Amino acid sequence: MAGGLSPAAALPTEVRTRAARSRSPAVWLLLGPPSLVLTLLFMLPIGLVLVTSITDPRMSLAHYQRIFTVPLYTHVMLNTFVTSLVVTALCLVLGYPVAYVMARRSDWVSTLLLTIVAMSFWTGFLVRTYAWLVILGSKGPVTGAYQALGLGPAPQLLFTSFASTLGMTHILLPYMILALFAVMKKIEPDQLKAAASLGARPRAAFAAVFLPLSLPGVVNGSLLVFVSCLGFFVTPILLGTPRDMMISQLINQQIEELLAWGFASAVAVILLIATGLILVVYNRFAGLDRLWG
Amino acid sequence: MRRRAFLNGFAATVTAAAAGPLIVTDRTIAQTRTMFVNTWGGSWTAAEEAAFFKPFTEATGIRVRTVAPVSYAKLKAQVQSGSYEWDVTAITQADLLRADREGLVEPIDWSIVKKDKLFPNAVYANGLAYCALGTNLAYRKDKFPQGGPKTWADFWDVKKFPGNRSMLNNAVRTAQFALVADGVSPDKVFPIDVDRAFKKLDQIKPHIKVWWTQGNQSQQLLRDGEVDMMVMWNARASELQQQGLPVELVWHGATITTTMWGIAKGAPNRKLAWEFLQFAVQPKPQADFANRLYYGPTNPEAFKFVSPEIARQLPTYVENAKVAIKPDTVWEAEHTARIQERFTQWLAA
């Protein structure tokens with residue numbers, strides 16, 4: 001670092017940029033404000049939540065003990081994780097073919113699909129939740145079609161685990177599709193042609209070439225959907241049953257109705273730790289810097 | 001020139017930045033005379049606007065701004081952090097009592113509030129009684145041509161009154177209704193026999209299609225015909241009637257709870273706020289509010305300004321109040337957390 005006058009061009013690119021990075025005060029100026037904002041508005045409040053969870057109303061770990069001993073809370077946590085897994089799997093199964101078509105075609109079909117996905121993405125999730133209330137309701141098109149086909153009285157769709165899972169899948173599906181699309185778009189079509197020229201049938205070419213190359217998208221999309229789903233709140237309340245209670249509903253109830261801030265903080269800390277663990281595992285196997293393609 | 005212009009601009013920015021905090025604290029000085037009210041939004045705030053805020057501003061020049069929805073958590077956060085978004089809040093009586101016990105409520109300033117201008121029982125837990133809210137059994141008349149349910153026992157009777165049902169996701173209210181359905185007289189519900197209530201609730205649980213949490217959600221359920229009978233707030237049901245829906249309200253065994261006005265401890269505009277509360281609990285403004293939104297005036301004098309047609313639909317109307325449950329606020333404040341946990345667990349099982 002001391003040889004400031006040594007011919008920079010002689011150094012390999014990586015070393016050169018690293019040296020420039022540590023030397024330039026501009027880097028610190030650029031890093032300063034975001035670090036400050038993150039510390040003040042993110043790290044500090046989270047630290048406060050952590051402190052509240054062991055000090056409110058008095059210094060103890062009783063809240064954590066309660067979370068893991070009262071069946072209700074273990075049930076809610078388990079349900080949150082199972083629901084998130086199911087929603088993630090559904091998004092993957094539904095989203096993969098759509099993203100595949102979007103990435104492989106470059107004509108109007110791709111544009112049309114992208115427009116539809118983006119519009120769905122931009123529509124408020126409350127609006128989409130209320131739309132399901134209408135669609136699945138007892139006067140909605142599903143019930144109407146059921147009766148028109150003479151299948152007798154329609155089963156109850158609304159206010160079931162089915163409805164809440166469907167609603168959450170619908171809301172999170174665009175995230176999955178866009179994450180998959182970003183990776184799939186970068187897969188060279190020539191690689192599939194090369195596979196074909198070596199005798200691979202389309203199915204084999206997909207399984208041996210396209211699928212492995214698209215895996216980063218699968219991991220990214222799944223992580224994005226899973227973590228977002230952990231914090232879901234309004235949709236399960238409006239479409240589901242009390243049996244489908246998610247962790248964030250529990251936190252809200254404790255804060256707003258029962259004023260149990262200490263307990264709510266402990267639940268939030270557990271949620272945070274769980275999310276953090278998932279990110280750590282992800283980082284081990286995929287690398288966090290690849291999250292955005 | 002350009003350099004000077006830049007410097008001037010820069011100076012102006014710095015001055016504005018430095019004066020920023022002053023401008024913010026300025027609102028605490030009576031000079032600008034604006035106070036902030038935490039309220040429920042929607043038709044509730046619209047009725048407040050017409051009955052309280054506009055006349056108050058006309059009479060005093062003090063402006064009123066609103067923040068929605070009501071949040072107990074925010075009351076606590078404001079007092080703990082010393083940074084206030086609002087001064088006054090509408091709040092349920094049990095919550096106000098809990099807040100007052102936690103030291104979150106500003107004590108009444110008797111130099112501004114005149115005792116002789118208040119009605120009996122206006123003061124509770126350092127707040128003033130705002131209005132009374134009914135939580136009733138409501139049903140679709142068109143679904144029961146032979147006559148609908150008249151009591152909670154009828155609501156529990158799924159053979160005689162078949163149909164989809166919905167209840168409020170609130171432990172204490174639900175337990176009260178269960179006890180009345182089990183034969184307890186509405187005036188003997190408190191203290192609640194929790195075990196007995198849950199035993200009775202076990203019977204109705206499979207027949208409850210949805211446990212609602214939000215007022216507009218409850219209206220949507222009855223309007224769209226998702227359910228035929230349900231627990232509902234009285235003014236929400238009256239709104240559906242006004243929209244032409246065949247909805248009937250039952251007063252027997254309904255719960256009448258009091259909503260209170262309270263001021264956040266240490267709120268910057270508390271002096272203006274007390275002036276406002278003194279104004280808001282007078283007969284005329286209370287009647288104006290009840291004429292728009294059918295929650296009952298707490299000031300008995302207010303009924304002079306309410307038409308008999310509307311008065312009959314209010315929770316504090318004598319005939320209605322007589323057959324309703326009047327909750328024991330102290331008991332509620334002490335037991336809600338424990339019952340709510342059991343209730344949530346019961347719902348999730």
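Biologist: Which element gives the most to the side of chain B that touches chain A?

Modeller: This is a predicted model, in which local features need pLDDT of at least 70 and side-chain atom pairs count only at pLDDT 80 or more, while totals for chains, interfaces and linings use all residues. Residues are numbered from 1 along each chain as its sequence is written, and chains are lettered from A and ligands numbered from 1 in the order in which they are written. The contact, for which C-beta atoms placed from the backbone must lie within 7 Å, takes 21 residues from chain B and 20 residues from chain A. Two or more residues of the chain B side come from each of α3 (72-81), β7 (208-212) and α14 (329-348) of chain B, and the largest contribution, seven residues, is that of α14(B).

Biologist: How many residues of the side of chain B that touches chain A are charged?

Modeller: The classes used here put Ala, Val, Leu, Ile, Met, Phe, Trp, Tyr, Cys and Pro under nonpolar, Asp, Glu, Lys and Arg under charged, and the others, Gly among them, under polar. On that basis the chain B side has seven nonpolar and eight polar residues, and the number of charged ones is six.

Biologist: Where in chain A is confidence lowest?

Modeller: The pLDDT, the predictor's confidence in each residue from 0 to 100, has a mean of 86 in chain A, with 90% of the residues reaching 70 or more. Over residues 1-11 of chain A the pLDDT is below 50, and this stretch has three contacts in the model beyond near neighbours in sequence. Where pLDDT is low, the predicted coordinates should not be read in detail. Among the helices (DSSP runs of H or I, at least four residues, where strands are runs of E, at least two, both numbered from the N terminus), α8 (residues 161-184) of chain A is highest at 95, whereas the lowest confidence, a mean of 54, is in helix α1 (residues 13-23) of chain A.

Biologist: Which element supplies the largest share of the side of domain 1 of chain B that touches domain 2 of chain B?

Modeller: With bounds from an automatic or database domain assignment, chain B is divided into domain 1 (7-132 + 259-310) and domain 2 (133-256 + 317-348). Their contact takes twelve residues from domain 1 of chain B and twelve residues from domain 2 of chain B. On the domain 1 side, α4 (93-101) and β5 (127-140) of chain B each supply at least two residues, and the largest share, four residues, comes from α4(B).

Conventions: Two residues are in contact if their C-beta atoms, placed from the backbone, lie within 7 Å.
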